[in-house]
Amino acid sequence: MSTMWPLWLLTSLLALSQALPFEQKGFWDFTLDDGLPMLNDEEASGADTTSGVPDLDSLTPTFSAMCPFGCHCHLRVVQCSDLGLKAVPKEISPDTTLLDLQNNDISELRKDDFKGLQHLYALVLVNNKISKIHEKAFSPLRKLQKLYISKNHLVEIPPNLPSSLVELRIHDNRIRKVPKGVFSGLRNMNCIEMGGNPLENSGFEPGAFDGLKLNYLRISEAKLTGIPKDLPETLNELHLDHNKIQAIELEDLLRYSKLYRLGLGHNQIRMIENGSLSFLPTLRELHLDNNKLSRVPTGLPDLKLLQVVYLHTNNITKVGVNDFCPVGFGVKRAYYNGISLFNNPVPYWEVQDAGVTTS
């Protein structure tokens, strides 16, 4: 591969570079969920739920006459969104699998709100006014795998989350602290979205993520000034975009050798210490757009699986012939699908061809 890229490749940006937090677009998306994630492209691979997903038999019609007033009930799905509800409705059928309560005015989850709903698989509470949750509110939900409680007024992670939980969406609340032990016992959890909270680095207590084997974690649109310490070593995706991170130091990425997607766009990064990226041998996507870098980070040619690099909207003034691709004969080929460098003060006509094609 030649290190002289076509101009269109340097100046183009793949559409998936701008990832937004998860939003539930339509209630019936749940009925299409077959174990694959219901997320935006940027978030997709972090929510793979491969255990405990209801089979086709579990979605057979139910003829229960129980359906809360104003709600729609079908196929063990209860939809009570956009009704101005002040509390969780009563008379929910005990065989309900999916419960949608988004876009209401619920301010509190009480002890017996979900009593008898032992088959519930997904609970949607997005865009309410929830500020208080009883410590036993989720106790009956022994099979709950997906909890979407974003866009509420929570100031802390809900206590005693069900041990069956696989995916937690709690972004856009008022959470400032993640205490040690709050995720204790959640051995099935693989996806947490907690962006849009006023979290600072000091808000994460040591051991806050102990015991978790997450694949996906997003803490975007917060107040982080550096990469948090002691995140799960199992992470495949880590998204820290829209924070105030200023530098990547050598030890920051030491424990995250399994990452294949790292999002650090829209920060204030000026410096990436030499050798920092060498701890990420499986990295496939690196998002460093909208920062303050003055040069291409060192070490990219050594990342043999790297396919996409976003560096647009920085202060990069020069691109060296060996900044992206390995050099010499007999070295492994670089498999780039996209490199974005637009909106940098780079004189593209001065980008030189190394004159070497790797094989």
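**Cysteines, core and rings**

Cys 191 is buried, its relative accessible area being 0%, where buried stands for under 20% relative accessible area, exposed for over 50% and partly exposed for what lies in between, with a 1.4 Å probe and protein chains only. Cys 325 is buried as well, with a relative accessible area of 2%. The model is a predicted one, in which local features need pLDDT of at least 70 and side-chain atom pairs count only at pLDDT 80 or more, while totals for chains, interfaces and linings use all residues. Residues are numbered from 1 along each chain as its sequence is written, and side-chain values use heavy atoms, with hydrogens and water left out.

As for the chain as a whole, 50% of its 359 residues count as buried. Its secondary structure comes to 1 helix and 17 strands, both taken as DSSP runs numbered from the N terminus (helices H or I of at least four residues, strands E of at least two). Among contacts between residues at least 6 apart in sequence, 51% join residues at least 24 apart, a contact being heavy atoms within 4.5 Å. The accessible surface of the chain is about 16,400 Å², and 51% of this belongs to carbon and sulfur atoms; the areas come from the Shrake-Rupley method with a 1.4 Å probe, and for residues only the protein chains shown count as cover.

The structure holds 2 disulfides, each a pair of cysteine sulfur atoms within 2.5 Å. One of them joins Cys 67 to Cys 73, with 2.0 Å from S to S, and this disulfide is right-handed because the torsion about its S-S bond is about 85°. Cys 67 is partly exposed at a relative accessible area of 27%, and Cys 73 is likewise partly exposed, at 33%. Another disulfide joins Cys 71 to Cys 80, with an S to S distance of 2.1 Å; the torsion about that S-S bond is about 115°, so this disulfide too is right-handed. Here Cys 71 counts as buried at 11% relative accessibility, and Cys 80 is buried with a relative accessible area of 0%. With bonded cysteines counted along the chain, the disulfides follow the pattern 1-3, 2-4.

Over residues 66-98 the chain is 0% helix and 21% strand, with the end C-alpha atoms 15 Å apart. Gly 70 lies in the loop between α1 (7-11) and β1 (72-74) and counts as partly exposed at 38% relative accessibility. Gly 70 and Ser 81 are 11 residues apart in sequence, and their C-alpha atoms are 9.5 Å apart in space.

In soluble globular proteins, nonpolar side chains tend to be buried together. In this model the largest nonpolar core has 82 residues, of which Leu 109, Leu 123 and Phe 324 touch the most other members; such a core is a set of buried Ala, Val, Leu, Ile, Met, Phe, Trp, Tyr and Cys residues joined through side-chain atoms within 4.5 Å. Leaving aside residues up to four places away in sequence, Leu 123 touches several residues, including Leu 99, Leu 101, Phe 114, Phe 138 and Tyr 148.

The structure holds 4 aromatic pairs. The rings of Phe 114 and Phe 138 are stacked, because their centres are 6.2 Å apart and their planes stand at 15°. This pair links distant parts of the chain, 24 residues apart, with Phe 114 in the loop between β4 (108-109) and β5 (122-124) and Phe 138 in the loop between β6 (132-133) and β7 (146-148). Phe 114 is buried at a relative accessible area of 0%, and Phe 138 counts as buried at 2% relative accessibility. Phe 324 and Tyr 336 form an edge-to-face aromatic pair, 6.2 Å centre to centre with 85° between the planes. Phe 324 and Tyr 336 are both buried. Phe 183, Phe 204 and Phe 209 form one aromatic cluster. Throughout, rings of Phe, Tyr and Trp (its six-membered ring) pair if their centres lie within 6.5 Å, and planes under 30 degrees apart count as stacked, over 60 as edge-to-face and the rest as tilted.
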